[in-house]
Amino acid sequence: MIKLGGRYQHLVHSAGCACVSPELQAASRRLDAFSRRGFLAGLGAAAVSGLVSGPAFAQTPPSKTLLRQVRLFDGKSDALQSVQILIEGNRIVSIDAANNAPPADATVIDCGGRVLMPGLIDAHWHAIFAAVPMQVLMTVDPGMIFTMSTAEAERTLLRGFTTIRDLGGPAFSFKQAIDGGIVPGPRIFPSGAMITTSGGHGDLRMPFEIPRDGDLLSLSEKFGGAAIVDDLGGLKRRVREQLLQGASQVKLVAGGGVSSPRSPLDMMTFSEDELREAVAVARDWNTYVTVHATSDAAVRRSVAAGVPCIEHGHLMTEDTAKLVADNGIWLSTQPFLTIADAASQTGPGVERAEEIFGYTPGMYGFIKKYGIKVAWGSDLLFSAELAPRQNVMLTHLANWYSNAEVLRAATSVNADLLALSNLRNPYEGKLGVIEQGALADLLVVNGNPLDDIRLIENPEQNLSVIMKDGKVYKNTL
């Protein structure tokens, strides 16, 4: 067992730390012997034998639930509509503006004129890495990492995020645990391991693991955080391996990143031909590749390779932005503004983050000028203290968009991006909107976020009801 240094000793041994709280101990018991393969096998056996039951932390959904006296933001409109919503199972079955009498067998939640909106969607999140410090990731047992991530998954849901697109990490079994009702958390669209080259963003090998010994995997690769490959055949194999495990989309790295200390922002990884081949493999699986590309050169290479979605893009020039728009490519990006948005960064990461801050306003100017298809994500990493800023990262968009546009960005627009997963979409039903037949992922807000978007920043106070898949996870009414 590798022991932590003094700075992180409290994460395991302190009597007053969160690790010994009853909630986290319960989560630890649920995730006992949590390994990527062992847990998946156990979950599958439980599902087959009918042992996976509803979570104790969510109310068992009644056959019908009526949310009455709501002012509806449906995920698309600019204005509110006074209605009541009937939910049956995990679906919205009617939107009633006439306020008819509720069905006799329905559970009624009187919302008292509060605003009802779709659950929030974060298009760039890391369910396993969001709340775990980098030094801890590199030194402790995976069971501890998954236990910490379990606690953060519930906090993510209680911030109002009912769906996340996971852009790198061993989230396959974690997703099944959430979907099976073992732990509370958002829906996950998993990418699996982030695929990179030697020295690329995401190559976090320890010094003793370099050079690679034949096909021997590094610790981070065994954990499922990254897949490091330097040849075309190996790249195609790694893409297929993520899809085999259940990836809804696959993430490749085209250039350097902020959080990888030895991979400068200006470096390049895969060639244009390699990126193009990866895109073709994903297309054969009826889904898509998204590419981490921050520098202008990495964005341009990704465009030339025909990638459908680019992550970040902060350093692209105006000419490149126009190229992205002309090719109908999605840009999934983050409104990083100050060091408060990247407080977990250390060493070279601080300097790189500060470079990003200076380019963010110009990038959003290009997005609006050329009509780039843009998705919003927070991409907060390695800090349980920073993760709650997820909501603030969303309200940052108000620097460039109306409040209604901000809400649409994290609901119906992000849902449009998720639809690129096509036949690899893990959830049957519409997300990000409130309409007949859509999945019942809903929030009830104390106040009107169309008037004051900052209400979203305080979910504990301002979200009175949180429902995911027809189940109520919070109700203070």
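Colleague: Which helix does Ser220 lie in?
Modeller: Ser220 is part of helix H6, residues 219-223; helices here are DSSP runs of H or I with at least four residues, strands are E runs of at least two, and both are numbered from the N terminus. This is a predicted model, so local features need pLDDT of at least 70 and side-chain atom pairs pLDDT 80 or more, while totals for chains, interfaces and linings use all residues. Residues are numbered from 1 along each chain as its sequence is written, and side-chain values use heavy atoms, without hydrogens and water.

Colleague: Okay, does Ser220 count as buried or exposed?
Modeller: Ser220 counts as buried, because its relative accessibility is 16% (buried is under 20% relative accessible area, exposed over 50%, partly exposed in between, with a 1.4 Å probe and protein chains only).

Colleague: And what does Ser220 touch?
Modeller: Leaving out residues up to four places away in sequence, Ser220 touches Gly225 and Ala226 (contact means heavy atoms within 4.5 Å).

Colleague: Switching to H9: which residues are buried there?
Modeller: In H9, residues 296-304, the buried ones are Asp296, Ala298, Val299, Ser302 and Val303. Looking down the axis of H9, they fall within an arc of 165°, so they line one face of the helix (the arc is that of the directions from the helix axis to the C-beta atoms).

Colleague: What covers them?
Modeller: The cover includes helix H8 (272-284), strand E11 (289-293), strand E12 (309-312) and helix H10 (318-326).

Colleague: What follows H9?
Modeller: Gly306 follows H9, and the phi of Gly306 is positive, near 80°.
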